Amino acid sequence: FLDIVNNKRKVYVESDYDVDGLMSGLVIKDGLTELGVNPLMYKYTERTHVIDRLAIQECIQNSCDYFIVVDAGTNCSGILDLLANYNIKAIILDHHSVDMLYEDFSENIAIINTEIENKLGDTKYELSAGALCFTVMDLLYSALGKPQPIKLAAYATVSLFSDSMSMRSLLNRSIYYLAKSMLPEELPAPVKYFMTE
């Protein structure tokens, strides 16, 4: 992500079609846009929980440097390996169960999956994909010396509730309270519109 921002790389984002996927995609899109990168977003063609081959084709046709897939993709590493032929790097941010470990992925793929993390460590993460994406963006902003991206916490909070994640988690509660600190008029337009309607 530092390479993307510092070198203004061309980015293509695909997210799962559900609410958590949409919120994850908006966290990445709005977060990077605020940092001067304008990602291309995949427009859904069908309801699926896996990477759409059309998204891969569009990423290649647009000569992107990175393909970011959120709330999906962990079980699709094979299709992502195609991107290496075009010098496109893949980033997966996911929270779905998978029978793989990080070493099972090619060097072309950077991945954070909370279920893999749960297998590897003592900490048990109960994050939605949107909350995971917010956590990554929050760390990115901190590394760049930028103020905390509070508006993105609203998307993450919607995703936490849409995926029925436990709010016993201190991390999940901190995201919720960060979002609650905003005035209604400060909410991102998609959330504000949804709340109004």
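**Cavity, pockets and helix packing**

Guide: The lining of the largest cavity comprises, by class, five nonpolar, three polar and four charged residues. Nonpolar here covers Ala, Val, Leu, Ile, Met, Phe, Trp, Tyr, Cys and Pro; charged covers Asp, Glu, Lys and Arg; the others, Gly among them, count as polar. This is a predicted model, in which local features need pLDDT of at least 70 and side-chain atom pairs count only at pLDDT 80 or more, while totals for chains, interfaces and linings use all residues. Residues are numbered from 1 along each chain as its sequence is written, and side-chain values use heavy atoms, with hydrogens and water left out.

Visitor: Which residues line the largest cavity?

Guide: The lining consists of Glu14, Ser15, Asp16, Tyr17, Tyr42, Tyr44, Thr45, Glu46, Thr48, Val50, Asp52 and Ala72. The volume of the largest cavity is about 60 Å³.

Visitor: What makes a space a cavity, and what makes it a pocket?

Guide: On a 1 Å grid over the protein atoms alone, a cavity is a set of points where a 1.4 Å probe fits but cannot get out; a pocket is an open set with protein on both sides within 12 Å along at least five of seven lines, and lining residues have an atom within 4 Å of a point. Grid points are joined across faces, edges and corners, and a volume is the space filled by probe spheres set on the points. By this rule there is one cavity of 30 Å³ or more.

Visitor: Which elements each supply at least two residues of the lining of the largest pocket?

Guide: They are α7, α8 (170–180) and α9 (189–196). The largest pocket holds about 300 Å³ of space, and its lining is made up of Ala154, Thr157, Val158, Tyr176, Ala179, Lys180, Met182, Leu187, Val191, Phe194 and Met195. Nine of these residues are nonpolar, one is polar and one is charged.

Visitor: How many charged residues are in the lining of the second largest pocket?

Guide: Three are charged, alongside four nonpolar and two polar. Asp30, Thr33, Glu34, Tyr141, Gln148, Pro149, Ile150, Lys151 and Leu152 form this lining, to which α2 (19–34) and α7 each contribute at least two residues. The space in the second largest pocket is about 190 Å³.

Visitor: Why are α6 and α7 called roughly antiparallel?

Guide: Helix α6 (residues 129–143) and helix α7 (residues 150–162) pack at about 155 degrees, with axes 7 Å apart. Axes are lines fitted to C-alpha atoms, for helices over the stretch in contact, and angles run from 0 to 180 degrees between N-to-C directions. Angles under 35 degrees count as roughly parallel, over 145 as roughly antiparallel, 65 to 115 as roughly perpendicular and the rest as oblique. The pair α6 and α7 is therefore roughly antiparallel. In this contact (heavy atoms within 4.5 Å), Gly130, Ala131, Phe134 and Met137 of α6 meet Leu152, Ala153, Ala156, Ser159 and Leu160 of α7. Seven of the contact residues are nonpolar, two are polar and none is charged.

Visitor: What makes α2 roughly parallel to α6?

Guide: The axes of α2 and α6 come within 7 Å and cross at roughly 15 degrees, which makes α2 roughly parallel to α6. The contact joins Asp20, Ser24, Val27, Ile28, Asp30, Gly31, Leu32 and Glu34 of α2 to Ala129, Gly130, Cys133, Phe134, Met137, Leu140 and Tyr141 of α6. Its residues divide into nine nonpolar, three polar and three charged.

Visitor: Why are α6 and α8 roughly perpendicular?

Guide: Their axes come within 11 Å and cross at roughly 75 degrees, and α6 and α8 are therefore roughly perpendicular. Ala131, Phe134 and Thr135 of α6 make the contact with Leu171, Asn172, Ile175 and Leu178 of α8. Five of these residues are nonpolar, two are polar and none is charged.

Visitor: How are the helices and strands assigned and numbered?

Guide: Helices (H or I, at least four residues) and strands (E, at least two) are DSSP runs, numbered from the N terminus. Between such elements, Lys8 lies in the loop from α1 (2–6) to β1 (11–15), and its phi is near 50 degrees, a positive value in a residue other than glycine.
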